[in-house]
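Please read this short report alongside the sequence and the model. It takes a few residues and helix pairs in turn.

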Amino acid sequence: MKYHVPVLLHESVEGLNIIPNGIYVDATFGGGGHSSSILEKISTGKLFGFDQDEDAKKNSPHDSKFTFVHHNFRYLKNFLTYYKSPKVDGILADLGVSSHHFDTAERGFSFRFASDLDMRMDKKNTKTAQTIVNTYNEEQLTFIFKEFGEILNARKLARTIIEERELNPINTTEDLKKIGQRFSNPKTESKYLSQIFQALRIEVNNEIEVLKDFLVAGLDVLKPKGRFVVITYHSLEDRLVKNFFKTGNIEGKINKDFYGNIETPFEIIAKKIITPSDEELSVNNRARSAKLRIAEKK
Ligand SMILES: C[S@@+](CC[C@H](N)C(=O)[O-])C[C@H]1O[C@@H](n2cnc3c(N)ncnc32)[C@H](O)[C@@H]1O
């Protein structure tokens with residue numbers, strides 16, 4: 001089984017505007033699809049590939065220009081300093097999980113397989129999806145289903161989970177699937193379960209807070225004219241990236257100078273959001289929600 005098929009490969013790597021002796025970061029190395037393409041374009045430059053999942057390490061190319069960093073990309077700045085490359089010419093992030101995660105039953109990311117409810121990208125973390133469904137209170141569960149899963153009846157679902165766990169702990173994908181099936185019919189089931197699983201996965205891996213830290217660190221480590229290229233798969237993530245590129249701050253607060261001009265550290269390179277072509281979608285359905293944004297540090 002292929003580890004992962006890279007999404008928006010050509011568009012995102014072109015977006016980095018690579019200079020052959022530049023220093024680049026692939027913040028989400030995964031199967032290394034984007035990294036291979038970056039390496040083809042650099043001669044004396046360097047590439048750092050971050051991934052918090054140790055499984056990704058085995059995909060590392062045998063190339064002296066490449067360094068695999070088995071850490072969370074929120075610590076980008078610290079690790080670049082450690083590797084004596086504190087400033088870089090471009091950063092690419094292809095957020096979320098890989099096909100490897102969805103297709104490996106025991107990782108617990110997919111309702112297609114029976115498994116413990118795990119969903120950790122970094123197996124060293126202690127919080128799993130099991131922890132969340134069995135310990136979060138009604139408010140917390142409602143929040144994550146609504147915000148991260150965009151589930152309309154989030155509160156009802158949260159209440160049902162709490163009622164069920166009082167009878168028996170919810171430990172497996174099958175346990176959770178049975179609850180989700182009560183709120184859906186065969187036509188809506190797959191979408192509804194995907195929303196539940198997505199919400200839990202985002203919470204398990206603290207994906208939104210981590211993304212905020214990463215964006216701030218990315219701006220800091222980019223050289224002037226350095227490119228920031230981000231592929232998102234969820235509207236919450238996309239909104240954060242969009243507002244950050246527009247304003248240079250996480251709150252998306254617009255600052256203006258004395259003359260009323262918007263002050264921002266970035267120039268937006270792709271004015272219109274970039275999405276996969278019909279051709280790409282016909283061969284990779286998992287690319288369907290991808291959105292690409294590109295900005296250049298001034
Ligand atoms: C969508 S996949 C990237 C696939 C990759 N672009 C490719 O072409 O194979 C996302 C990868 O980023 C990793 N990842 C997600 N969030 C991360 C984080 N905060 N820090 C480090 N790695 C992360 C995941 O473990 C996963 O392998």
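## Two residues with positive phi

N17 lies in the loop between α1 and β1 (23-26). Helices (H or I, at least four residues) and strands (E, at least two) are DSSP runs, numbered from the N terminus. N17 is not a glycine, yet has a positive phi of about 50°. Its relative accessible area is 46%, so N17 is partly exposed. Buried means under 20% relative accessible area, exposed over 50%, and partly exposed in between (1.4 Å probe, protein chains only).

L8 also has a positive phi of about 50° although it is not a glycine. L8 is in the segment before α1 (9-15). With a relative accessible area of 0%, L8 is buried.

## How the model is read

This is a predicted model, in which local features need pLDDT of at least 70, side-chain atom pairs count only at pLDDT 80 or more, and totals for chains, interfaces and linings use all residues. Residues are numbered from 1 along each chain as its sequence is written, and side-chain values use heavy atoms, with hydrogens and water left out.

Two packed helices are described by the angle between their axes and the distance between the axes. Axes are lines fitted to C-alpha atoms, for helices over the stretch in contact, and angles run from 0 to 180 degrees between N-to-C directions. Helix α6 (residues 138-147) packs on helix α7 (residues 154-167) at about 135°, with the axes 8 Å apart. The two are therefore oblique to each other; angles under 35 degrees count as roughly parallel, over 145 as roughly antiparallel, 65 to 115 as roughly perpendicular and the rest as oblique. Residues of α6 that meet α7 include L141 and F145, and those of α7 include L157 and I161. Contact means heavy atoms within 4.5 Å. By class, this contact has 7 nonpolar, 1 polar and 6 charged residues. Ala, Val, Leu, Ile, Met, Phe, Trp, Tyr, Cys and Pro count as nonpolar, Asp, Glu, Lys and Arg as charged, and the others, Gly among them, as polar.

The axes of α7 and helix α8 (residues 173-182) come within 11 Å and cross at roughly 135°. That makes α7 oblique to α8. L157, T160, I161 and E164 in α7 meet L176, I179 and R182 in α8.

## Helices α10 and α11

For helix α10 (residues 207-221) and helix α11 (residues 235-247), the axes cross at roughly 20° and come within 11 Å. These helices are therefore roughly parallel to each other. The α10 side of the contact includes I208 and L211, and the α11 side includes L240 and F244. By class, the contact has 9 nonpolar, no polar and 3 charged residues.

## Nonpolar cores

Which residues touch the most other members of the largest nonpolar core? Of its 63 residues, they are F145, I196, L200 and F214. A nonpolar core is a set of buried Ala, Val, Leu, Ile, Met, Phe, Trp, Tyr and Cys residues joined through side-chain atoms within 4.5 Å. A second, separate core of 24 residues includes L8, F68, V229 and A270.

## Residue K256

K256 is in strand β6 (residues 255-256). Its relative accessibility is 54%, so K256 counts as exposed. K256 touches N261, I262 and E263, not counting residues up to four places away in sequence.
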